[in-house]
Amino acid sequence: MLTMKSTTLKNKLIIAFTGLFLCFFLVIHLLGNLQLFLPEDQAREQFNWYSNALSGNILIKIISWVLYLSLIGHAVYALIITTKNNTANGKNYHYDKRNFSSAWNSRNMGILGTILLIFLIIHFKDFWYTYKFTNLPVDAAGHKDLYEVVVQSYSQLWYVILYEISFIALGFHLLHGFFSASRTLGLYHPKYVKAIKIFGWGYTLIITAGFMAIPLYIHFK
Amino acid sequence: MKLYLKIWRQLNTSSKGEMVDYEIDGVTEHMSFLEMLDLLNESLVQLHERVIEFDHDCREGICGQCGIMINGRAHGPLKHTTTCQLHMRSFKDGDTIYIEPFRATAFPVLRDLKIDRTAFDAIIASGGYIGASTGQAPEANSIPISYETVEASFDAAACIGCGACVATCKNSSAALFVGAKITHLALLPQGKIEASKRVLTMVNQMDMEGFGSCTNTEACEAECPQGISVLSIAKMNYEYNKALIFKK
């Protein structure tokens, strides 16, 4: 009797689902961050209120746990697949021009992902950890003043540059990742493949431009 | 024209190979790439040296036997072309050409440029056929099927199994090959019956043979001599996901 040990496509499905959830999360994250574009006083009050509201909500808590699991799952399964692929690849060519036939970002999702992982560690430490586990000063409404942390962080040029580089990596990662996930899920009809490709481009441009604009806006304000 | 060749020489699967330099003169632009290698082999015979072994059969671009990595690209610099259909007019006098076998853990080198593609046969044997009894040849029009479906199935069936997709894939994935076979059969009324079982067993066999996983770089489609669409990989994923959900 046949033993079903196939894991390749199942692993890809895990990467696709976690990746798409992270794509969805980025939309919510960007929408929340748009409040930073408000006039300073209003932005401080509203952004701090919003951050406070999020941390108290049970539904948000569940989603954040799904988010942590997705991040870890996405990275771990990417690592598993990459290791397996390296084994499958075997010996290298002496003269290798295979990169001629495919897009640069599609071949380097691992490098882009590693940049994003390093970025996330810094980002979690400076915002997530600072907000959750340290005693921050409070604003007029009595909410922890996360807005001040944002302003202080982005006042440093090197920090802005770090974020901008990471967002460029994010853009290239999303450009391939979003469409690749649709393939893994089995979208094969040419009409919808084209639609998803256009949607993927639009999504990537909006998300990347949106996130890139925030540190620049706050730094040069 | 005169060419400087760097060719992979390896006595057998267990021996360690190396790149060996050769010079060849008198190559004309009308020669096919394989004829150029024939010419080199003739000179090796006269020198009583072991000839360079490579796979070939029809030399018409339809059998899928030939397949060499030429200057770092599967089947050489042209898109959608087999090695035998590549001609020396694609090169110029004084060029250095790197010639290596297709590489993947699942494709061990047998000798020089010859590789063992039994892994592909094992995938086909695991389910790449129609097992349902179809009886004697029926009246052709008794099974309604649209022209577009027939064409799409035939486009996928055009795969010659040369292995360029695996050779050019950074993950050595056989997804395009397996996707083409799955798509070819899943589109036809006779093939639909066993579609779920087929996709599960063939993907399982693909894994067991040690191929990597597809990361949708689409390099395979660019190098495929038959121009098999990467959408057949998406179709395979679709059939696989459907089988995972609905299998009993």
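## Close-up views of a predicted two-chain model

**View 1. Chain B as a whole.** Chain B is built from nine helices and seven strands. The model is a predicted one. The C-alpha trace of chain B spans about 60 × 40 × 35 Å along its principal axes. Chain B has 248 residues, and 53% of them count as buried. Take the contacts in chain B with a separation of 6 or more: 69% of these link residues 24 or more positions apart.

**View 2. The open sheet of chain B.** Five strands of chain B form an open sheet with mixed pairing. Their order is 2-1-5-3-4. Strand 2 (18–24) and strand 4 (73–74) of chain B are the edge strands. Each has a single partner strand, so one side of each lacks a neighbour in the sheet.

**View 3. Strands 1 and 5 of chain B, a parallel pair.** Strand 1 (residues 3–9) of chain B pairs with strand 5 (residues 96–101) of chain B in the parallel sense. Four bridges link these two strands. At one position, B:Leu5 stands opposite B:Ile97 of strand 5.

**View 4. Strand 3 of chain B and its antiparallel partners.** Strand 3 of chain B runs antiparallel to strand 5 of chain B, and three bridges join them. Here B:Ile68 stands opposite B:Pro101 in strand 5. Strand 3 (residues 68–70) also runs antiparallel to strand 4 of chain B, joined to it by two bridges. B:Ile70 has B:Arg73 of strand 4 as its bridge partner.

**View 5. The largest nonpolar core.** This core holds 42 residues, and B:Val178 and B:Phe211 touch the most other members. Several helices of chain B each supply at least two of its residues: helix 2 (118–125), helix 4 (164–168), helix 5 (175–186), helix 7 (195–208) and helix 9 (231–246). Helix 5 of chain B gives the largest share, six residues. Both domain 1 (3–111) and domain 2 (117–246) of chain B contribute, with at least three residues from each.

View 6. Not counting residues up to four places away in sequence, B:Val178 touches B:Ile123, B:Met202, B:Met206 and B:Met236. Another core, of 31 residues, lies apart from the largest one. Its members include A:Leu116, A:Leu146, A:Phe167 and A:Phe178.

**View 7. B:Ser153 in its helix.** B:Ser153 sits in helix 3 (residues 147–157) of chain B. Its relative accessible area is 3%, so B:Ser153 is buried; the cut-off for buried is under 20%. Leaving aside neighbours within four places in sequence, B:Ser153 is in contact with B:His184, B:Leu187 and B:Leu188.

**View 8. Where chain B meets chain A.** At this interface, 45 residues of chain B are in contact with 44 residues of chain A. The size of an interface is often given as the accessible area lost when the parts come together. Between chain B and chain A, the buried area is about 4,000 Å². Carbon and sulfur atoms give 56% of that area. B:Arg103, B:Asn216 and B:Leu231 supply 14% of the area that chain B buries against chain A, more than any other three residues.

**View 9. The salt bridge between the chains.** One salt bridge is found across the interface of chain B and chain A. B:Glu218 forms a salt bridge with A:Arg183. Their closest N and O atoms are 2.7 Å apart.

Methods: Residues numbered from 1 in each chain as written. Chains lettered and ligands numbered in written order. Predicted model: local features only at pLDDT ≥ 70, side-chain atom pairs only at ≥ 80, totals over all residues. Heavy atoms only, no water. Core = buried A, V, L, I, M, F, W, Y, C linked by side-chain atoms within 4.5 Å. Buried < 20%, exposed > 50% of the residue type's maximum accessible area, 1.4 Å probe, protein only. Domains from an automatic or database assignment. Contact = heavy atoms within 4.5 Å. Pairing = 2+ DSSP bridges. Buried area = accessible area lost by both parts, 1.4 Å probe. Salt bridge = Lys/Arg side-chain N within 4 Å of Asp/Glu carboxyl O.
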